[in-house]
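Please open the model in your viewer and keep the selection tool handy.

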Amino acid sequence: MSILLTGGNGYIGSHVAVALGLAGRKIVILDNGSNSSINTISKIETINRAHVPYVFGDIRDMKLITKTLREHDVTAVIHLAGLKSVAESIEKPLDYYTNNVEGTISLLKAMNSQGIRNLVFSSSATVYGTPRQLPLDETHPTSATNPYGRTKIQSEEILADLARAQPEWRIACLRYFNPVGAHQSGTIGESPKGIPNNLMPIITQVALGQKSQLDIFGTDYPTPDGTGIRDYIHVMDLAEGHAAALQFLESHAGWHAFNLGTGKGHTVLELLESFEKASGISIPRKISPRRPGDVAKCYANVDKANRTLGWAANRSLHEMCSSTWNFCLNFPRTTTCTSPH
Ligand code: WQD
């Protein structure tokens with residue numbers, strides 16, 4: 001019996017693969033390589049000391065998904081495959097709807113055809129839109145300010161309708177806050193293809209001398225130091241949250257949503273200071289105008305996940321920064337740390 005990880009070779013997926021392996025689960029990875037490197041599979045196998053079957057393909061290929069579900073005796077799916085750049089989704093909305101929504105529907109159809117109805121879905125705090133109150137709990141209304149967020153809301157709603165129509169479905173939507181960091185081995189980490197949008201990979205580019213300075217998008221927010229506040233969570237804590245959700249679904253049917261964050265917010269400058277301490281490198285920065293679409297503050301109420309999943313994030317901001325830097329230094333590289341390894 002295996003757990004299928006769609007997008008399991010990516011940044012979050014590879015860490016989920018390690019967390020599940022360490023929890024003694026058998027996994028199979030399906031990934032189309034659009035934002036991952038084939039080398040990651042062998043790194044997951046080294047950490048897990050186990051073979052990890054890898055299927056190269058797209059979640060919209062229903063025939064391939066059905067074949068994979070059957071051949072690997074899959075009993076549950078963790079669905080991580082999808083596009084995730086807010087900025088890119090504004091430029092290319094159709095790519096986002098076909099990959100994220102159409103892809104989810106084709107996966108669900110394939111699962112249904114095989115009688116597999118346990119699903120952990122990779123969702124995002126983006127579904128909350130502009131927070132009306134903080135910390136954000138799962139009852140906060142959802143609203144999207146960009147196509148990426150809309151694809152996550154629509155996917156969650158499709159899953160909720162499915163669970164209403166077929167009560168035997170067991171579904172956990174995990175709303176990620178801001179994943180950063182890397183596995184302690186330093187062999188897997190965040191290495192997005194192309195130009196990163198997120199703060200941490202941009203900081204590491206500056207630290208590695210591949211970008212001259214960090215633009216700080218706005219210092220006039222209503223926060224202690226004027227810069228944006230986010231709930232940064234270590235990617236291994238996030239990954240362990242997936243294992244806990246899988247365990248929960250083994251005894252709970254229906255549709256459930258959980259925030260995966262730390263419950264604490266940190267400003268851009270606080271993260272920067274923590275990174276400089278962890279790496280010993282000072283990061284040149286420039287104060288720039290606010291980035292359109294950014295919210296001032298976003299951090300989670302994690303009581304529900306703590307209480308219901310028996311899960312809590314416990315790795316510190318320092319560990320997030322030191323593990324990131326360890327991953328970046330671990331590879332001789334001629335190009336940026338964000339290039340595929
Ligand atoms: C964090 C903070 C910026 C870059 C995330 C993910 C996005 C989606 C939604 C996926 C903000 C500031 C950033 C820079 C900066 N997640 N910043 N200079 O905005 O929470 O979006 O959630 O589900 O993919 O990115 O994260 O890392 O982009 O920004 O000052 O060069 O850093 O203004 O305050 P965000 P982020």
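Select C173 to begin: with 0% relative accessibility, C173 counts as buried (under 20% relative accessible area; exposed is over 50%, partly exposed in between, with a 1.4 Å probe and protein chains only). This is a predicted model, where local features need pLDDT of at least 70, side-chain atom pairs count only at pLDDT 80 or more, and totals for chains, interfaces and linings use all residues. Residues are numbered from 1 along each chain as its sequence is written, and side-chain values use heavy atoms, leaving out hydrogens and water.

The structure holds 0 disulfides (pairs of cysteine sulfur atoms within 2.5 Å).

Next, show the open sheet: 7 strands in the order 3-2-1-4-5-6-11, with parallel pairing. Strands (E, at least two residues) and helices (H or I, at least four) are DSSP runs numbered from the N terminus, and two strands pair if DSSP finds at least two bridges between them. Strand 3 (54-56) and strand 11 (254-260) are at the edges, each with a single partner strand, so one side of each has no neighbour in the sheet.

Zoom in on strand 5 (residues 118-124) and strand 6 (residues 170-176), a parallel pair with 7 bridges. Here S124 sits opposite Y176 of strand 6.

Finally, select helix 6 (residues 147-165), which packs on the sheet and touches strand 5, strand 6 and strand 11 (contact means heavy atoms within 4.5 Å).

Note on methods:
Axes are lines fitted to C-alpha atoms, for helices over the stretch in contact, and angles run from 0 to 180 degrees between N-to-C directions.
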